[in-house]
Amino acid sequence: MRTKDNNKPQWQPATITIHGGKTRDEHGALVAPLYQTATFSFENTAQGSARFAGEEAGYIYSRLGNPTVTELEQRVAALEGYPAAAAAATGMGAVSASMMAFLAHGDHVLVSDAIYGCSFALFSHLFTRFGIQVDFVDMSDLEKTASAMRDNTKLVFLESPVNPHLKVIDIAAVAKIAHTKGARLVVDNTFMTPLLQQPKLQGADLVLHSATKYLNGHGDVVAGIVCGSQEDIELIKLTTLKDMGATMSPHDAWLILRGLKTLDVRMERHCTNAVQVAEYLREQPLVKTIFFPGFADHPAQQLMGTQMHGAGAVIAFELHGDLNTARLLLDSLQLITIAVSLGDAETLIQHPASMTHSPYSPEARAAAGISDTLIRISVGLEAVSDIIADLEQAFAACTNSNTQNNEEQVKYG
Ligand SMILES: *Cc1c(COP(=O)(O)O)cnc(C)c1O
């Protein structure tokens, strides 16, 4: 096998999603072969010991590295603009392995107060058990963020835009704050993908993804990946990823390589569909509030064209009414699927108060701004007219039920 120089920086992202980091197969197979193997044989003991000593490049055992996984790492690294990447079993595997690689007892980590639920649990419950100090801060407030930094702050972690209100954080500004204290900035870029946002350009040191979402895009894999400098990625691979063991399976890497090829066209369709669905939702009398970074009056617009190159395809909205109104709307849908996750071909809808955020107490939910009527939709790749028609008939079902309730109230007084 020979490796072509397939990380040409002048390539456009759409080309990198197809050709970046590509290794030429010895038979000329167009598609990267799936090395579905746990281990790799050595020709002799000399070769085995040379590989273990790092004197000879080559594979040893799939938890330490696998050619199919390497291919994916090279491709995603090229997309995010970093020299290296480490693939993980899940998005949370990427978060935990990359955080633990740089933290020790007594260190401090500053975290955005709005992040993915399991990342929140990892920081607030598990890390504190190991003597790591954690503070959560509203990173859209830069003064607060700067004053929350300490001398022992090693990492700053954020997501933008962030669930559920799609709040946007100025990554370049937070990077500056982190770097003045010598801390690394880690950005979870799952919602945007490298096609809509490349946090490296804003100064992020590590960028990670739940590849379960847009990168794979087909809903058939749970996976994660983190990109960074050669040195940082090597540290993650050789310590926490290897020793805690949340490494990616070759089959998952192979599926993501397949999914990645269409990332550019998928994101284009996701984004144009989302704009139309958001505009439709905003006009609905039953919709009280809507959160979508694509609207002209959304604070994200200040970062559009610099930090962000699109609004993504996740929309959140609140209804007039109560918990039952939200449930009725979801239960009336016929095409749109009730499921958590995002970034799939299928349009997915979920109800945070009774699903992703149900373990929170009602008070904690209220504090996080998650009302009983809040709904999150991940706009998929279907014909947008069909998505909107499905919402239309579900809104009609809610309105009819409201009218009936009102009539009953009038009747019974
Ligand atoms: C889903 C998700 C994760 C966790 O990823 P898994 O692949 O489910 O482990 C982390 N961050 C964000 C923003 C996510 O949406």
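Helices (H or I, at least four residues) and strands (E, at least two) are DSSP runs that are numbered from the N terminus. This is a predicted model, in which local features need pLDDT of at least 70 and side-chain atom pairs count only at pLDDT 80 or more, while totals for chains, interfaces and linings use all residues. Residues are numbered from 1 along each chain as its sequence is written, and side-chain values use heavy atoms, with hydrogens and water left out.

Lys 213 is found in the loop between E8 and strand E9 (224-228). In an unreviewed entry, UniProt lists Lys 213 for "modified residue: N6-(pyridoxal phosphate)lysine", although such annotations may be inferred rather than shown by experiment. With 9% relative accessibility, Lys 213 counts as buried, a word that means under 20% relative accessible area, whereas exposed means over 50% and partly exposed lies in between (1.4 Å probe, protein chains only). Leaving out residues up to four places away in sequence, Lys 213 touches Tyr 116, Thr 190, Ser 341, Leu 342 and Gly 343, where contact means heavy atoms within 4.5 Å.

Strand E8 (residues 206-210) contains Ser 210, which is buried at a relative accessible area of 12%. Apart from neighbours within four places in sequence, Ser 210 is in contact with Gly 91, Thr 190, Ala 223 and Gly 224.

Helix H4 (residues 91-100) holds Ser 98, a buried residue whose relative accessible area is 0%. Not counting residues up to four places away in sequence, Ser 98 touches Leu 208, Val 226 and Ile 236.
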